[in-house]
Amino acid sequence: MMGKSHFIISTGVTVSLMTLAGIPVTSAAVVAAVVSSLLPDIDEPNSLLVSKTLSEPLLRVLQTIMLVSVVWILWQGLFGMPWDIGIAVAVVFIAFLPVRSLRKFVMFMIGVGMIIYGRDIAPWNYMAGSLLIICTFLPHRGLTHTIYGTAAWSALLYGTTAHLGKSIWIAGGVSYFLHLLADSLTNRGVKLLPPLKWRLRFNLMSTGTKKGDKFENICIVLTLILLGIVFLPKLSG
């Protein structure tokens, strides 16, 4: 499914289920549900989550900084020859990578930075940083679209937010898993338990086609109806 559909469906169904179950829907829980509704697609550099976080204007700023740094390195002779030339060539090469590849590189470096400089929140920085690094090498709908990915994300949320109550980690875990269920409706499905070859696949739609768009719109409308059924009585009361 497309990112906007995941955002509406996973978030909407999650907050509805939490309300029906009597679990408080806090603002932090809603944020967790929103992020988690898109998080499994972190393995796709052009997904809604990654493309909005690492937008093209932001990447252009980064490219400019990298090119300015090349001039600075060569002007100052920071590392001496031939290291200055080698580093400058490498930086220029990275700066002019295609957008998709540049996003992967930035994700990788953020992961490295979290591992090195995030020791104050250890071991969660190692988990999050490692996830970002690994995701740069994963094919789309790989590890992040599995039960293991769901469990790891839920555990990360639990470990960092359980002292605030159960709303956040439950919202994040449920919304994440609903993303996988939504993708199981497509013709590709999801391989939930690799290395097992079994896929959860209902083959009801194909993402990016007119039929697929219509199906996603139906799912969105059903989600909005569910939200209305759950929340309208509370608002009127």
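Helices here are DSSP runs of H or I with at least four residues, strands are DSSP runs of E with at least two, and both are numbered from the N terminus. This is a predicted model, in which local features need pLDDT of at least 70, side-chain atom pairs count only at pLDDT 80 or more, and totals for chains, interfaces and linings use all residues. Residues are numbered from 1 along each chain as its sequence is written, and side-chain values use heavy atoms, with hydrogens and water left out.

**View 1**
Start by getting your bearings: the protein chain has 10 helices and zero strands. Read along the sequence, the pattern is α-α-α-α-α-α-α-α-α-α. The C-alpha trace spans about 70 × 45 × 40 Å along its principal axes. Of the 237 residues, 41% are buried, where buried means under 20% relative accessible area, exposed means over 50%, and partly exposed lies in between (1.4 Å probe, protein chains only).

**View 1. Two spans carry a transmembrane annotation.**
The unreviewed UniProt entry lists residues 82-99 and 215-232 under "transmembrane region". UniProt positions are given in the numbering used here, feature names are shortened, and annotations may be inferred rather than shown by experiment. In the model, residues 82-99 are 78% helix and 0% strand, and the end C-alpha atoms of this span lie 29 Å apart. Residues 215-232 are 100% helix and 0% strand, with end C-alpha atoms 25 Å apart.

Zoom in on Met81 and Pro82, which are joined by a cis peptide bond with omega of about 0°. Pro82 sits in the loop between α4 (56-76) and α5 (83-95). Pro194 and Pro195 are also joined by a cis peptide bond, here with omega of about 10°. Pro195 belongs to the loop between α9 (167-183) and α10 (210-236).

**View 2. The loop between α9 and α10 holds Leu192 and Asn203.**
Both Leu192 and Asn203 are found in this loop. Is Leu192 buried or exposed? At 7% relative accessibility, Leu192 counts as buried. The C-alpha atom of Leu192 is separated by 9.1 Å from that of Gly149, although the two residues are 43 apart along the chain. Asn203 is worth a look for its backbone: its phi is positive, about 55°, although Asn203 is not a glycine.

Side chains of opposite charge can pair when their charged atoms come close. A salt bridge is counted when a side-chain nitrogen of Lys or Arg is within 4 Å of a carboxyl oxygen of Asp or Glu, and by this rule the count comes to one. The side chains of Glu44 and Arg100 form a salt bridge, at 2.5 Å from N to O. This pair links distant parts of the chain, 56 residues apart, with Glu44 in the loop between α2 (27-38) and α3 (48-53) and Arg100 in helix α6 (residues 99-117). Glu44 is buried, at 15% relative accessible area, whereas Arg100 is partly exposed, at 35%.

**View 3. The largest pocket has a lining without charged residues.**
On a 1 Å grid over the protein atoms alone, a pocket is an open set of points where a 1.4 Å probe fits, with protein on both sides within 12 Å along at least five of seven lines, and lining residues have an atom within 4 Å of a point. Grid points are joined across faces, edges and corners, and a volume is the space filled by probe spheres set on the points. The largest pocket holds about 430 Å³ of space. Its lining has 18 residues, with Leu39, Ile42, Met114, Ala128 and Leu132 nearest the centre. At least two lining residues come from each of α3, α6, α7 (124-135) and α8 (147-161). By class, the lining has 16 nonpolar, two polar and no charged residues, where Ala, Val, Leu, Ile, Met, Phe, Trp, Tyr, Cys and Pro count as nonpolar, Asp, Glu, Lys and Arg as charged, and the others, Gly among them, as polar.

**View 4. The second largest pocket includes charged residues in its lining.**
This pocket has a volume of about 280 Å³. Among its 17 lining residues, Met1, Met2, Gly3, Asp41 and His140 lie nearest the centre. Helices α1 (3-20) and α3 each supply at least two residues of the lining. Three of the lining residues are nonpolar, nine are polar and five are charged.
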